[in-house]
Every structure is written in structure tokens, then in C-alpha cells.
Amino acid sequence: MSVEVERKFVCDAGMWKRLEEIGAVCIGQREIHDQYFDTPDFELTLRDTWLRKREDSWELKCPPAVGKTQETSGEGLEEASLCSRYKEITSLPEIQSRVKEVLKHCAGGSLHADPLPGPLVTVGQVSHEEPGGPEGVGDPWTGELNLRCFAEFTTARRSFTLQEEGVQIDLDQADFGYTVGEIEVLVQEGQEVGSALEKIERAARRLGLTRNLRVEGKMDVYLQRFCPEHYVKLQRAHILG
């Protein structure tokens, strides 16, 4: 199972030229349609667990287990704080098992959150007044777990690789008007992430990203614009923001 180590950056007008100058190779361009699911009480996302349906495939992103993935020398660097680390699960049976485990833990009273204002919305009933709002439905198992689509958007992605570094660089333009870049390295769960952090830092410097500023991801911006109550709760829980 892989752990995604990623740093986001501002994608300005000169980024294409800098990618060419450092020898980045374009490996493709595609459109990605994502739907994100949670309970009305935000039981998954308040535990930094992100259930996503990308096209026709389910994915789950959650924090890696405490261990060597976090205990590295790179963690002490200021730059390391700019990088996120998520375990990526793509096996549907394992995703379902992990989601049920989280929800069972929440039902035990260890997590409390105020529900969304107004009547609860179930899967298949979600709508949004703004462009790009969620309208999708999940599969039968998501309905059984009271999971609803709370975010839905399409991203135009152009991907590059620095082959000698094992680094992928994505330039994303979301359909709700936000553009962001991502530098990503994958490591196997249980391995140290220090080398991944070093690779990301070298790539960032080659791209001229010398200012250590946190850059908001697509989900941060989407929730601020379309689901502000949800965003505030994630801020208070120190998940986003």
C-alpha cells in the first residue's frame, strides 16, 4: 500500500517555461471527475479520512500509521510542514471495511459534531445552487452507511515527471475556477518518507518555489466557497486551514 507525500504550490504564468527548463517530461493530460462522500455529521472528514469516487473507481485517503513513515529526519525541516502525507487505499473491500470501522468508532461516542443545518440529505438527493456543486449519487453501500456526496468537481490535469528524481508534478485547473500545482512522491507504507521530502524540496527549489508558504488545495477552496459550515468544522478540528 502506498503513501502519497505531496506539496502544493501556486501555478503562475511562468510555470510551463520553468518545467521545460528543468527537463520535466509531460506524461499526459486528462480530465478527472471526483465525488467526495461523508455522513451528515462529517464523521469521515473530521477524522481526516477522505472517501472519493474518481470516475468509476473508489479511493480512500487517510493518515498513515504512526511509525517510520513519520519518524524521519526530514520531518524536522520547515519545508516538511508544507507536505501532506496520506495512505491511499484502492481496494473496494478494504475501503468499505475501513469506512465502517471509522463510523463504528464515531458511533461509540468518541467524536461529536453538529450536523448540517436543515434536514439531512441522503445520497442521491444532493444539490447545489452554485456551478460545480454536488449532484452525483453513490453506490448502494454508501446509501446504507448514510454517506452523501458533499463535493463534486472536474479537474483538467496536465502531468509531468522528473524521471531522475521519481517525482510527479501535476498542474490542476478545477471547474470552479481554481488552479494549483502539486509535487508528489509515492512511497510504500512503512518506509521512511525522508527521502521523499528531500526529493520534493529539490524539485520545489528547481521550480523557483523558495517561499515556504502553505498553498490551499482544491478541497480547501471548494468547501470555503460552497460548504462553509463544513469547512469551519474542519478548521476547528485542525484538518484544513
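**Exercise 1. Decide whether Leu162 is buried or exposed, and find its contacts.**

Step 1: Leu162 has a relative accessibility of 0%, so it counts as buried (buried means under 20% relative accessible area, exposed over 50%, partly exposed in between, with a 1.4 Å probe and protein chains only). Before going on, please note that this is a predicted model, where local features need pLDDT of at least 70, side-chain atom pairs count only at pLDDT 80 or more, and totals for chains, interfaces and linings use all residues. Residues are numbered from 1 along each chain as its sequence is written, and side-chain values use heavy atoms, with hydrogens and water left out.

Step 2: Leu162 belongs to strand β6 (helices, H or I with at least four residues, and strands, E with at least two, are DSSP runs numbered from the N terminus).

Step 3: Setting aside neighbours within four places in sequence, the contacts of Leu162 are Ile22, Gly23, Ala24, Val167, Ile169, Ala203 and Arg206 (contact means heavy atoms within 4.5 Å).

Step 4: Cys26 is 136 residues away from Leu162 along the chain, yet their C-alpha atoms are 9.4 Å apart.

**Exercise 2. Work out why helix α5 is described as largely enclosed by the rest of the structure.**

Step 1: Look at residues 218-226, which form α5. The buried ones are Lys218, Met219, Asp220, Val221, Tyr222, Leu223 and Phe226.

Step 2: Now find the partners. The buried residues of α5 pack against the strands β2 (25-38), β3, β6 (148-162), β7 (167-174) and β8 (178-188), and against helix α6 (228-236).

**Exercise 3. Examine Phe42 and Asp48 in the loop between β2 and β3.**

Step 1: Start with the backbone. Phe42 has a positive phi, near 60 degrees, although this residue is not glycine. Asp48, also a residue other than glycine, has a positive phi near 55 degrees.

Step 2: Phe42 counts as buried because its relative accessibility is 2%. Asp48, at 16% relative accessibility, counts as buried too.
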